[in-house]
Amino acid sequence: MKKVYIYFMAIIMFTFICFIPFFEQVKAIDRKVYDEAGILSHREVAELESLATELGEKWDTDFLILTTNETNGLYIKDYMANFYDEKIDEQGLSKWNATILSLDMKHRDVYLSAFYKGKLYIDEKRIDQILDEVTPYLSNGNYYEAFREYLYQVNDYMGREPAKWYLQWWFQILVSLGIGAIVVVGLALNVGGRVTVTSRTYLDTKKSRVLQEKDRYIRTVVTKQKKPSQKSSGSGGGTTPGGHSFSGGGRKF
Amino acid sequence: MVIHYKCPNCGNDMAYDSESGTLLCEACGTKETIETLPEENITTTFSEEEAREYNCENCGAVLLTDADTVATKCSFCGAGVVLSDRVSGTLAPSLVIPFTISKDEAVQAFKKWCRNGLLTPKGFMSADRVKSITGMYVPFWLYDINSRVKVSGTATKVRTYSHGDYIYTETKYYDIFRDINLDYLKVPVDASAKMNDELMDKLEPFPYDQLKEFKTPYLAGFIAEKYNYTDQELLPRVNEKIDSFIEDYIRSTVREYQTVNYRYKDIDTKKLKSYYVLLPVWMVVYDYEKSEYTFAMNGNTGKVVGKPPISWGKVASWFGGVSVASLFVFRIITLIMGGGFL
């Protein structure tokens, strides 16, 4: 009994040790606000910088703000993707936890995206909820307030459980109890000995066989069903040209 | 009629020894093979009132038997005796598998089995309260069965693929027919009313390569019973037993289809042969907290069956331990994916 426990713990510790190399520290980028469109004052930029740094540090994730007047004909999502690839190369990272709120001032598009750890906590549904809060400020031209709201919103979601249901406590506790119950019931059922004969134990394999079989094809029935429609390309996440996948969502403001 | 085996060397009682497969005299160590024991050492007497009373050949005391007993030990002097008229005529077993596990080995095997009980209470695991352990030849019927199976029905193969904006589900229908011959050899069914059927089923399989032609000396020193049910009476039980085997086989012949709807299933099962055999079982009676627990052990393979007491404390600790450990693993996975441990 004790031995079983010791083996069990040893296996768990071993898996733990095996995965330690994956816990690499992700460096934070120094600059968080890229106001290429020039819609913020120097003081606002400085305040947003310090707020983004303060909030992002806790979650090992950089909360970025990107504004531009000229996307060179690209949709803001693709512009943001190029920006991410450029910055991750500059830092020489393979993984960079980040969320980016991007504004295209010319076309009045807003796009929110989340990478790696950010993506784990902020999925498309949560992005929609954040944009619901942020967009009214943008529409009123209240950019500073909008960015503050974005930072607090993202900070709030990062402090919750991961967006995926199978990474959440309620689900994992439920499944763990289920596994415990299955193991105990299995042990209890086998406690008095199991039937170990199978359907082949007493079968005379020399004489037992299919004497005759017929398989006659009758007809084929084909039914068709329309594929569930995919989301329009403007919204939803994607992958950067550099191969980093992200969750995302955008709209007009 | 009572048979008693006397040692040709010293005159003491002889009993069957599972290690050597011979009759053994415990007093002087003489071993006699079952085929060569001199006739004059086998005392056979007919009793007048056969069904009622038998007298021990060794000491003359009245043997305490019930109507099913075939072999027993004299409760007065301990000599192993066989009531031979109960193993002759229509009651003669055709085959027997002698014990290959001795009493000491049986006790050891039982203790080992108790130690491995994951849910049994601590006091039970020590296995120090074995009340009695009895070597017993249990009457079984072995059946050779032939089944001719004819089934027909409609089966489907389903394939899905997508083309353009649509997902297509293609279902192909087939008319199928199978004519199968199935032979099952030596399917055992216990023929003793005293033995729990479920317990005896779990004792299987017995090693049929050790089947021997029946000779009474194999029973010397053990308890044996005669059958309570004839092979005809137990035929429904063997049919019930092989029903699931047949279903399994039918299923294996239509494995390439996703669904099968049977129009008819014609299963014609015949008994080809039946053998009356005695199979070796150690019966262990165990005392634990004022209750008696009965276990049966296969006398050849050492497999133990029976319901031991269950410790709710252990059930709870297994449930808790496994649940906590699983949750721990899930949290580590979550942590690795970047989701935090707590």
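Predicted model: local features only at pLDDT ≥ 70, side-chain atom pairs only at ≥ 80, totals over all residues.
Strands β8(B) and β14(B) run antiparallel to each other and pair over 2 bridges. Within that pairing, Thr69(B) has Glu225(B) in β14(B) as its bridge partner.

**Around strand β8 of chain B**

- β8(B) and β9(B) together make a hairpin, with 6 residues between the two strands. In the turn, Gly78(B) has a positive phi of about 85°.

**Leu219(B), a buried loop residue**

- Leu219(B) sits in the loop between β13 (212-213) and β14 (223-225) of chain B.
- With a relative accessible area of 0%, Leu219(B) is buried.
- Which residues does Leu219(B) touch, leaving aside those up to four places away in sequence? They are Val70(B), Ala71(B), Val82(B), Val87(B), Tyr137(B), Phe214(B), Ala224(B) and Leu278(B).
- Leu219(B) and Gly80(B) are 139 residues apart in sequence, yet their C-alpha atoms are 8.2 Å apart in space.

**Salt bridges within chain B**

- Side chains of opposite charge can pair when their charged atoms come close. Over all chains, a search of the whole structure finds 24 salt bridges.
- Glu225(B), the bridge partner of Thr69(B), also forms a salt bridge with Lys194(B), with the closest N and O atoms 3.0 Å apart.
- This pair links distant parts of the chain, as Glu225(B) is in strand β14 of chain B and Lys194(B) is in the loop between β12 and α3 (197-203), 31 residues apart.
- Glu225(B) counts as buried at 4% relative accessibility, whereas Lys194(B) counts as partly exposed at 46%.
- Asp201(B) and Lys241(B) join their side chains in a salt bridge, at 3.3 Å from N to O.
- Are Asp201(B) and Lys241(B) buried or exposed? Both are buried.
- Asp201(B) and Lys241(B) belong to a network of salt bridges that also links Asp197(B), Glu204(B) and Arg237(B).
- Glu247(B) forms a salt bridge with Lys265(B), and the closest N and O atoms of this pair are 2.8 Å apart.
- Glu247(B) is in helix α4 of chain B and Lys265(B) is in strand β15 (residues 259-288) of chain B, so this pair too links distant parts of the chain, 18 residues apart.
- Both partners count as partly exposed: Glu247(B) at 26% relative accessibility and Lys265(B) with a relative accessible area of 35%.

**Where chain A meets chain B**

- In this interface, 62 residues of chain A are in contact with 72 residues of chain B.
- The size of an interface is often given as the accessible area lost when the parts come together. Between chain A and chain B, the buried area is about 6,200 Å², and carbon and sulfur atoms give 66% of it.
- Between the two chains, 31 residue pairs are in polar contact, counting pairs with both residues at pLDDT 80 or more.
- On the side of chain A that touches chain B, at least two residues each come from α1 (2-19), α4 (117-121), α7 (169-190) and β5 (209-226).
- β5(A) provides the largest share of that side, with 18 residues.
- By class, the side of chain A that touches chain B has 34 nonpolar, 15 polar and 13 charged residues.
- β5(A) pairs with strand β12 (residues 166-190) of chain B in the antiparallel sense, over 16 bridges.
- In this pairing, Arg216(A) stands opposite Asp175(B) in β12(B).
- The side chains of Arg216(A) and Asp175(B) also meet in a salt bridge, at 3.2 Å from N to O. Across the interface of chain A and chain B, the rule finds 3 salt bridges.

Conventions: Residues numbered from 1 in each chain as written. Chains lettered and ligands numbered in written order. Heavy atoms only, no water. Contact = heavy atoms within 4.5 Å. Buried area = accessible area lost by both parts, 1.4 Å probe. Salt bridge = Lys/Arg side-chain N within 4 Å of Asp/Glu carboxyl O. Polar contact = N/O pair within 3.5 Å; in protein donor to acceptor, adjacent residues only side chain to side chain. Helix = DSSP H or I, 4+ residues; strand = E, 2+ residues; numbered from the N terminus. Nonpolar A, V, L, I, M, F, W, Y, C, P; charged D, E, K, R; others polar. Pairing = 2+ DSSP bridges. Buried < 20%, exposed > 50% of the residue type's maximum accessible area, 1.4 Å probe, protein only.
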